[in-house]
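Subject: Predicted model, handover and notes

Hello,

Please find the structure below, followed by my notes on it.

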Amino acid sequence: MTFSGSSIELECYRPNAGALIISPTKRVLVGQRNHDDAWQMPQGGIELREEPIDAMLREVREETGFNLSAKDVIEEHPEWLRYRFEKGLYWQRFVGQEQRWFAVRTTTGDLPALPQKPNEPSEFKACAWHTPDEVLENNRRANKYEVYLRVFDYFAHLLA
């Protein structure tokens with residue numbers, strides 16, 4: 001049998017790291033995205049040769065202004081979790097994102113001061129502390145919903 005190239009569809013997922021940032025009152029930090037007003041937990045792409053934990057810390061700093069370190073990480077989800085982009089949307093060559101999630105505890109309930117980038121809008125226009133149920137409700141129709149369910153289920157012992 002010869003391969004014609006037409007019978008296999010290759011799917012490529014963008015490597016990504018996410019942060020479940022937990023306040024002392026067991027609320028979760030979310031940011032309201034600039035371009036579509038959706039609320040999401042901090043997350044972002046993993047650069048070439050970058051460790052997932054380092055990518056998560058960098059993304060949290062870039063998106064929220066929180067300057068966390070590896071000592072603030074409580075636990076890492078043991079699996080890579082995937083979601084597909086909205087139907088028909090591709091980002092570069094990717095059909096979705098494959099994420100590694102980290103639970104991070106803060107000692108403050110204060111909201112971070114969003115970073116101001118010259119000549120570039122910040123990724124979030126606002127941050128807030130939400131309950132896990134509020135995060136899920138705000139993402140019920142979003143492509144990340146199933147991933148968020150799995151993240152909250154795995155880290156439920158930290159949110160109780």
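Lys26 is partly exposed, with a relative accessible area of 29%; here buried means under 20% relative accessible area, exposed over 50%, and partly exposed in between, with a 1.4 Å probe and protein chains only. Lys26 sits in the loop between β1 and β2 (28-33). Its phi is near 65°, a positive value in a residue other than glycine. Arg49 also has a phi near 65°, again positive and again not in a glycine. Arg49 belongs to the loop between β4 (43-45) and α1, and at 78% relative accessibility it counts as exposed.

This is a predicted model, in which local features need pLDDT of at least 70 and side-chain atom pairs count only at pLDDT 80 or more, while totals for chains, interfaces and linings use all residues. Residues are numbered from 1 along each chain as its sequence is written, and side-chain values use heavy atoms, with hydrogens and water left out.

Confidence and overall layout

The protein chain has an average pLDDT of 88, and 89% of the residues score at least 70; pLDDT is the predictor's confidence in each residue, from 0 to 100. Over residues 1-7 pLDDT stays under 50, and the model has one contact beyond four places in sequence for that stretch. Contact means heavy atoms within 4.5 Å.

The protein chain contains four helices and eight strands. These are DSSP runs numbered from the N terminus: helices are H or I with at least four residues, strands are E with at least two. Along the sequence the pattern is β-β-β-β-α-β-β-β-β-α-α-α. Of the 160 residues in the protein chain, 46% are buried. Among contacts between residues at least 6 apart in sequence, 71% join residues at least 24 apart.

Strand β7 and its partners

Strand β7 (residues 96-105) is largely enclosed by the rest of the structure, because eight of its 10 residues are buried. Strands are taken as paired if DSSP finds at least two bridges between them. β7 runs parallel to strand β1 (residues 13-22), and 10 bridges join the two. Within that pairing, Ala17 stands opposite Arg100 in β7.

Strand β5 (residues 73-76) is antiparallel to β7 and is joined to it by three bridges; Val73 has Val104 of β7 as its bridge partner. Strand β6 (residues 81-84) is also antiparallel to β7, with four bridges. Arg84 stands opposite Gly96 in β7, and Arg82 is the bridge partner of Glu98 in β7.

Two individual residues

Glu59 is part of helix α1 (residues 52-64). With a relative accessibility of 7%, Glu59 counts as buried. Leaving out residues up to four places away in sequence, Glu59 touches Gln43, Gly44, Gly45, Thr64 and Glu123.

Ala126 is in strand β8 (residues 124-130) and is partly exposed, at a relative accessible area of 23%. Beyond its neighbours within four places in sequence, Ala126 is in contact with Val30, Gly31, Gln32, Trp39 and Leu114. Ala126 and Gly31 lie 95 residues apart in sequence, yet their C-alpha atoms are 5.6 Å apart in space.

Second largest pocket

The second largest pocket has a volume of about 180 Å³. On a 1 Å grid over the protein atoms alone, a pocket is an open set of points where a 1.4 Å probe fits, with protein on both sides within 12 Å along at least five of seven lines, and lining residues have an atom within 4 Å of a point. Grid points are joined across faces, edges and corners, and a volume is the space filled by probe spheres set on the points.

The lining residues of this pocket are Arg33, Asp36, Ala38, Glu86, Glu137, Asn138, Asn139, Arg140, Arg141, Ala142, Asn143 and Lys144. By class, the lining has two nonpolar, three polar and seven charged residues.

Regards

How values were computed: Nonpolar A, V, L, I, M, F, W, Y, C, P; charged D, E, K, R; others polar.
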